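Welcome! Take a moment to look over the sequence and the 3D view, and then we can walk through them together.

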Amino acid sequence: MSKPKSNNAKTISVALTLCLVCSVLVSAVAVGLKPSQVENARLDRNKNILVAAGMYDAESDTAKDVAERFKDFEVKIVDLNEGNYLDDNALSDAGIPDRNAYDASQATKNQALSEDLGDNDPAGIGRKPKYAKVYVKSDDAGQPEMVVLPIQGYGLWGTIYGFLTLESDMNTIKGISFYEHKETPGLGARIEEPEWRAKWQGIHSYDDSGEVATGVTKAGNPKENWVDGISGATLTSRGVSNMIQFWLGEQGYKPYLDTLRKDSGQTIDNADTKASQSKQPDNQTAQPTTELAAALPVANGKEA
Ligand SMILES: Cc1cc2nc3c(=O)[nH]c(=O)nc-3n(C[C@H](O)[C@H](O)[C@H](O)COP(=O)(O)O)c2cc1C
């Protein structure tokens, strides 16, 4: 009678020991891999900054090239409402000891570092960070040659993260990249394709009065300085449009871009129109950004 009992006890203790050994092994591997996962995420982010800046060649560039070229950029923390950089004292007052380690997405989980957008939230992000991390490449005279701005907004299935680069006029789009999203391959995920991203190059962000004047049209509805939406992916296209307009607008980087333009004595000059991909027929007049809501009736998978 006692034999089966002791066998049961043995079986249980062997199973428990196995579970314990396996869980220790899995935890050790997870902990061991964490630094390389963090490093890979950092490399991928830096690569996407270079993609948005038009400084990455997918065919030939190695991780070493990315690290080397990324050195051309200076990391700055911007007060989005004030439109200026935080110096070391302001950073320390804001509780940001290391600008390189600052994560604006994480900051949105911190009440002190973010603001609730309430109903005024076209990009569907819920909270806006008070401070953003931007990447500035300067020319030999120390003037900003381009700025790479992190952007994020809700697509169809989740939040899309990317970077938008503006040229030295703080108006002309130099490039765009997306590095994290949940959109469907072959549909919304086509936002990552070089052909679609290339449509943004040379587009002017603002009209002469400083209003945001770009976005994504519904596929097949060309409009100057607007990008044609992706056919079959209207909802993702609209998410991208909303996020671009939000981040270029008053709640996003506009105060900062105005400051940069003012500091360098520039005004918005759209005379040299480079944007060509969404030429507007001559008989149409420019439409306000709000028209997008009518052109694309659905936002974030919900009725607008
Ligand atoms: C399984 C599945 C996945 C889809 N994924 C996307 C997507 O990632 N992005 C998107 O905009 N539409 C997606 N759609 C299509 C949308 O439901 C919708 O039909 C489309 O955005 C409308 O675009 P259109 O007006 O250009 O046809 C998906 C549809 C299905 C059935």
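## A word before we start

A residue is called buried here if 20 or more other C-beta atoms lie within 10 Å of its own. Please keep in mind that this is a predicted model.

## The chain as a whole

The protein chain holds eight helices and twelve strands. Of its 304 residues, 36% are buried. Among contacts in the chain with a separation of 6 or more, 60% are between residues 24 or more positions apart.

## The sheet and its helix

Let us turn to the strands. Six of them form an open sheet in the order E2-E1-E5-E6-E7-E8, with antiparallel pairing. At its edges are strand E2 (84-85) and strand E8 (173-180), each of which pairs on one side only.

Inside this order, strand E6 (residues 144-154) and strand E7 (residues 159-167) are joined in the antiparallel sense over nine bridges. Gln 152 stands opposite Tyr 161 in E7. Helix H6 (residues 234-248) packs on the sheet and touches both E6 and E7, and its direction makes about 130° with that of E6.

In soluble globular proteins, nonpolar side chains tend to be buried together. The largest nonpolar core in this model has 57 residues, and the members that touch the most others are Ile 49, Val 148, Leu 149, Leu 164 and Trp 247. Helix H6 supplies the largest share of this core, with seven residues.

Beyond its neighbours within four places in sequence, Leu 164 is in contact with Ala 52, Leu 149, Ile 151, Ile 173, Ile 176, Ile 244 and Trp 247.

## Two residues with positive phi

Most residues other than glycine have a negative phi. Met 170 is not a glycine, yet its phi is positive, at about 55°. You will find Met 170 in the loop between E7 and E8. Is Met 170 buried or exposed? With 24 other C-beta atoms within 10 Å, Met 170 counts as buried, because the cut-off is 20 or more.

Asn 225 also has a positive phi, near 70°. This residue belongs to the loop between strand E9 (216-217) and strand E10 (227-228). Asn 225 is buried too, with 24 other C-beta atoms within 10 Å.

## Around the ligand

Which residues surround the ligand? They are Leu 156, Glu 183, Thr 184, Leu 187, Gly 188, Ala 219, Ser 231, Gly 232, Ala 233, Thr 234, Leu 235 and Thr 236. Sorted by class, this shell has five nonpolar, six polar and one charged residues.

Terms used: Residues numbered from 1 in each chain as written. Predicted model: local features only at pLDDT ≥ 70, side-chain atom pairs only at ≥ 80, totals over all residues. Near = placed C-beta within 6 Å. Nonpolar A, V, L, I, M, F, W, Y, C, P; charged D, E, K, R; others polar. Helix = DSSP H or I, 4+ residues; strand = E, 2+ residues; numbered from the N terminus. Buried ≥ 20, exposed ≤ 12 C-beta atoms within 10 Å, placed from the backbone. Contact = placed C-beta atoms within 7 Å. Pairing = 2+ DSSP bridges. Axes fitted to C-alpha atoms, helices over the stretch in contact; angles between N-to-C directions. Core = buried A, V, L, I, M, F, W, Y, C linked by C-beta atoms within 7 Å.
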